[in-house]
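Student: I'd like to go through some labels on this model and hear what backs each one up. Can we take them one by one?

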Amino acid sequence: MANHELTAEQCRRRCDPAVYEFETTAELPTEVEPIGQPRATHALEFGASIASQGYNVFALGQPGSGRRSIVRDTLRRHARQMSPPGDWCYVHNFDEPRRPRALKLPTGLATEFREDMEELIEDTAREITRAFESDEYQARREEVVSGYREERSEQLQELEREVQERGLAIGRGPTGLIIAPAKDGEVLSPQDYQQLPPEEREQIEQMRREMQERLEDVIRRGQRLEKEARRKVAELDREVAEFAIGGLSDDIKEKYADLDQVVDYLDQVREDIIDNVDIFRGDHAAEEEQQHPRPTALMGMQDMPHSPYNRYAVNVLISHETDDGAPVVFETMPTIENLTGDIEHLSYMGALLTDFTMIKGGALHRANGGFLVLEARSLLTRPFAWEGLKRALNESQVRPESIREHLRLVSTVTLEPEPIPLDVKVVLIGTPLLYYLLYQHDEDFRKLFKVKADFNLMMDLDEEAVREYALFVAACCHREGLPHFAPDAVALVAEEGSRLASDQGKLTTRFLDVADLVRESAFWCRKQDGEVVRAEHVRQAIRDSIWRSNRIEQRLLELIEQGTLLVDVEGEAVGQVNGIAVLPLGDYVFGKPTRITARSFMGRPGVINIEREVEMSGPIHDKAQMILAGYLGEQFAADHPLSATATLAFEQVYEEVEGDSAAAAELYALLSSLGRVPLRQDLAVTGSVNQRGEVQAVGGVNEKIEGFFDTCRLMELTGTQGVIIPAANVRNLMLRDEVLQAIEAGEFHIYAVSTVAEAVELLTGMPLGERDEQGDFPEGTVGAAVTRRLRSMAETQRAFRSDAESQDTPQ
């Protein structure tokens, strides 16, 4: 036993506070570089630096492993070294109004361009109004109009004189001017006309037709004169408008002369203003406002600006500062609209109104030229968002999309804005499961996310890692204004980091949990009026965290104490051993002792797993049962068959049994039952086995030991109690202080074994034994006892079969 027993020093690795060369963490820097993730950090740097298409990044790791903070810090550090991207805006497309134009401007210039355009339109309206209200314009316009009026009037007067000379008159009918019969200058009524002699009526009708043709000819000439007059007035208006805005448009074109797209747009604006000069004239604008009042706001929305000047507005989609570097955008609600932008509508009088000023940018627009960070799970649960993102990355351009368009919820005329070229690096943050599911089932994912930033849950424990833990603690204190930590407190935090990793040679990188411990330790320091966090404050935080979460564990211990749950912690029993289950309850995991029993008897050869028979076991546990059968067959059925039936059961277990960590305990119970050899009940067992009889490592070894220790302490420590664990699990031991104290006092024991034989000797006080040249186990061994009973059952079964056959044979 002494060869296998562990000392208290072997059951927990201590961190020496002497490695820290500070009095408190206040002396350490306020910022900390990424800790414990060199592989992931390198992948992020690689993905951020490579310019080739498809090298977007998927940062995979468990929550709390620092994925988000490391991604943020790495990308921001890289972005500061990059040039800020250009600005983007939408403007009216005078050729195709339904397809607004996208203009790219140098960084920080979009807002200035919008203000310049507003000033241009205001100045244009003022100058045009002034020009058209001038006396000179009015005189020239009146000259054109009066000439037209005089000429038309002369033609009508001449026609009217000739009509009167012929005894006719010009009247107004339903279809316009007509020639009608008259007498003494008065138009004859139909009755008087019918009373005229037929010859006179025929003569009048002939003259009327001739004069009607003359009248129509005069009207046509008048229309031509009116059209010519309008043309001359339009030319006059164009001339005046060109003169009014000439200097204004030249100034703004000179400012943006290096931007061909902007210059082309300004030329179109100038031509459109000249072609639609009426909208800038004061009387026309007032009339327009009266005829088209601004719509009432609905559901809290602001009034939609309905101005004739909207066509010249500039919709700034995204604008950057010149000294900000590349953008790093975190989108926490990645809907399709929030990613690609949207075209908003306003419901007014039963219609949905929109224009290019209601185009809104999305996260892809804001991150264009930089980095976009998304939570993979949130993205995948938003309808059409994942497909929209892939479409934008595949096409290297982004256009506004909406779930309304995909589902066709509303049928309405909308805009088709010009797509904006996309140059963005996307970083998805998710779990390993999501990564591998996407990689396996989405062919686009492999082409678009070629960089995997794999975040580890552990880092190697060395002096450098322990110092980095101190830097992390210091950064938490600086950032949140917490009391700073003394070296002994930081050392205990590092030890707890090793416990969270369940490895004496590792530290956890789940810094979310470490940060929580720092905050809670600082709380207890302040509560006890301390100025610096000490080791006792950290211990208090750990104890309090356990107490807040272990209600179920305490209830189970009560049931064991009351005898409701049957667990023996002293004495011996045949075919019975203490196994230990691990129960995870959210943020708290604990070990629960469980009685495992085995019974053996004559019958059909094989091991019956009761849990498997009633479908209460998982596949890994069933596999372990088959491995046990293989081990038993190799050891005890070399020269005769296994003529026994054995049953195994987890007593008082009412949930599914899964895992192979109880395989060793089940094997020991089987050997005890087959050989009628009692097992110690003051020892609990954990470990899996293979067909060669080697004991293999399992998970949750600390929780299992502590669970059995708490049970033994509740029912009184005898000084002989302990737990048998696989030797491969020794490096995983980071036991609580009370367990270590009991080990140092000789009240509790931990034994590490590598083979089934070593564990059997600990549990029975007898060696398992090895076969000699004749294939027999030495007397006084468990192997001999098992072989003897198996042979006895085989002989009994053979004799029973012979008697049964002789009775069935006819005489």
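Student: What makes Asp442 and Lys390 a salt bridge?
Tutor: The rule asks for a side-chain nitrogen of Lys or Arg within 4 Å of a carboxyl oxygen of Asp or Glu. Here the N to O distance is 3.0 Å, so the pair qualifies. Asp442 sits in the loop between helix 14 (432–441) and helix 15 (443–448), while Lys390 is in helix 12 (residues 385–395), 52 residues apart. Helices here are DSSP runs of H or I with at least four residues, and strands are E runs of at least two, numbered from the N terminus.

Student: Where do these values come from?
Tutor: This is a predicted model, where local features need pLDDT of at least 70 and side-chain atom pairs count only at pLDDT 80 or more, though totals for chains, interfaces and linings use all residues. Residues are numbered from 1 along each chain as its sequence is written, and side-chain values use heavy atoms, leaving out hydrogens and water.

Student: Why is Lys390 called buried?
Tutor: Buried means under 20% relative accessible area, exposed over 50%, and partly exposed in between (1.4 Å probe, protein chains only). Lys390 has 4%, so buried it is. Asp442, with 12%, is buried too.

Student: And what is Glu480, buried or partly exposed?
Tutor: Partly exposed, because its relative accessible area is 32%. Glu480 meets Arg519 in a salt bridge at 2.9 Å, N to O. Glu480 is in helix 16 (residues 463–480) and Arg519 in helix 18 (residues 511–527), so the pair ties together parts 39 residues apart in sequence.
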